[in-house]
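Here is a short briefing on one structure. Look at it first, then read the points below.

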Amino acid sequence: MKRKYPPKNTLRCALSAISVNESVCRQIIGAFLAAENPTVEELADVKCAVSEAVTNAIVHGYKNEGNGEILLTAEIYPDRSVRITVRDKGCGIADVALARRPLYTTDTSGERSGMGFAVMESFTDRLTVSSRVGLGTRISMYKRLK
Amino acid sequence: MLTRENIALTLRLEDGALIAEMRGEIDHHTARLLREEIDRRIYLEMPRLLTLEMSGISFMDSSGIGLIVGRLERMRSLGGALEIRGLSPRLKALLDLSGVERLPSLTVNRSIAEDSAT
């Protein structure tokens with residue numbers, strides 16, 4: 001999507017793909033958006049969506065092995081729309097459409113709900129997922145703050 | 001008992017029911033800690049009911065749904081049930097998104113006593 005104006009603020013943050021950083025990413029995004037005075041609900045929605053994307057990178061992209069990096073980037077535009085991108089260089093998704101189906105999970109432990117993408121879609125205006133097996137995955141979330 | 005930076009868990013037994021009171025955030029990271037501690041107590045005490053007291057939960061993503069579903073399966077395998085109390089409207093909506101609350105042996109935000117009286 002071509003934007004008429006450049007972003008007024010950008011964020012670029014690389015973190016280890018370890019689960020303790022799920023909370024760190026939520027706090028980073030919260031701090032980044034704070035200056036825009038999002039509503040309590042908007043902030044909660046965005047933090048939850050980011051948490052899902054980061055968790056996917058750790059659990060699926062890097063298979064919980066703890067080796068790898070997550071790149072969290074974000075831009076705020078003058079019209080108060082926000083784009084947040086979570087990238088990993090993990091195993092990639094062979095069938096993105098299948099992965100995005102609610103309740104679909106490749107997990108066998110019985111502890112993953114398969115709701116990650118459904119939650120991301122529910123809490124953002126738009127979601128794009130691109131992935132290449134063996135190369136990695138990029139999830140971009142868009143939300144226009146009121 | 002479990003206390004970390006952003007999650008605290010206290011467990012107590014009351015009339016054959018194991019009550020797990022959680023305060024803080026439930027994500028994939030903390031769900032793992034909660035799961036291990038709760039399951040350890042379940043197999044120790046073999047309760048007929050597991051109550052998740054969640055009024056102190058300030059954040060939960062779909063890992064929390066997984067935690068709930070996993071514990072429900074544990075309790076059902078023991079012939080027991082799971083009760084959730086204190087779920088905020090926002091988190092209740094998240095649970096509704098998953099359809100989990102329609103599963104048998106699970107009650108959400110209603111007391112078991114109320115259910116048996118009707």
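Two strands count as paired if DSSP finds at least two bridges between them. The model shown here is predicted.

**Strand S5 of chain A**
- Strand S5(A) spans residues 136–144, and seven of its nine residues are buried, so the rest of the structure largely encloses it.
- In a regular strand, side chains alternate between the two faces of the sheet.

**Partners of S5(A)**
- Strand S4(A), residues 126–132, is joined to S5(A) by seven bridges, and the two run antiparallel.
- Within this pairing, A:Ser130 stands opposite A:Arg138 of S5(A).
- S4(A) and S5(A) form a hairpin with three residues between the strands. There, A:Gly134 takes a positive phi near 85 degrees.
- Strand S3(A), residues 81–88, is joined to S5(A) by eight bridges, also antiparallel.
- A:Val82 has A:Lys143 in S5(A) as its bridge partner.

**Helices H1 and H2 of chain B**
- Helix H1(B) covers residues 28–45, and helix H2(B) covers residues 62–77.
- Their axes come within 9 Å and cross at roughly 15 degrees. The cut-off for roughly parallel is under 35 degrees, so H1(B) is roughly parallel to H2(B).
- The crossing of H1(B) and H2(B) is right-handed.
- H1(B) residues in the contact include B:Leu34, B:Ile38 and B:Ile42. On the H2(B) side, B:Leu67, B:Arg71 and B:Met75 are among them.
- By class, this contact has seven nonpolar, two polar and four charged residues.

Methods. Residues numbered from 1 in each chain as written. Chains lettered and ligands numbered in written order. Predicted model: local features only at pLDDT ≥ 70, side-chain atom pairs only at ≥ 80, totals over all residues. Heavy atoms only, no water. Buried < 20%, exposed > 50% of the residue type's maximum accessible area, 1.4 Å probe, protein only. Helix = DSSP H or I, 4+ residues; strand = E, 2+ residues; numbered from the N terminus. Axes fitted to C-alpha atoms, helices over the stretch in contact; angles between N-to-C directions. Parallel < 35°, antiparallel > 145°, perpendicular 65-115°, else oblique. Left-handed = near helix turned anticlockwise from the far one by under 90°. Contact = heavy atoms within 4.5 Å. Nonpolar A, V, L, I, M, F, W, Y, C, P; charged D, E, K, R; others polar.
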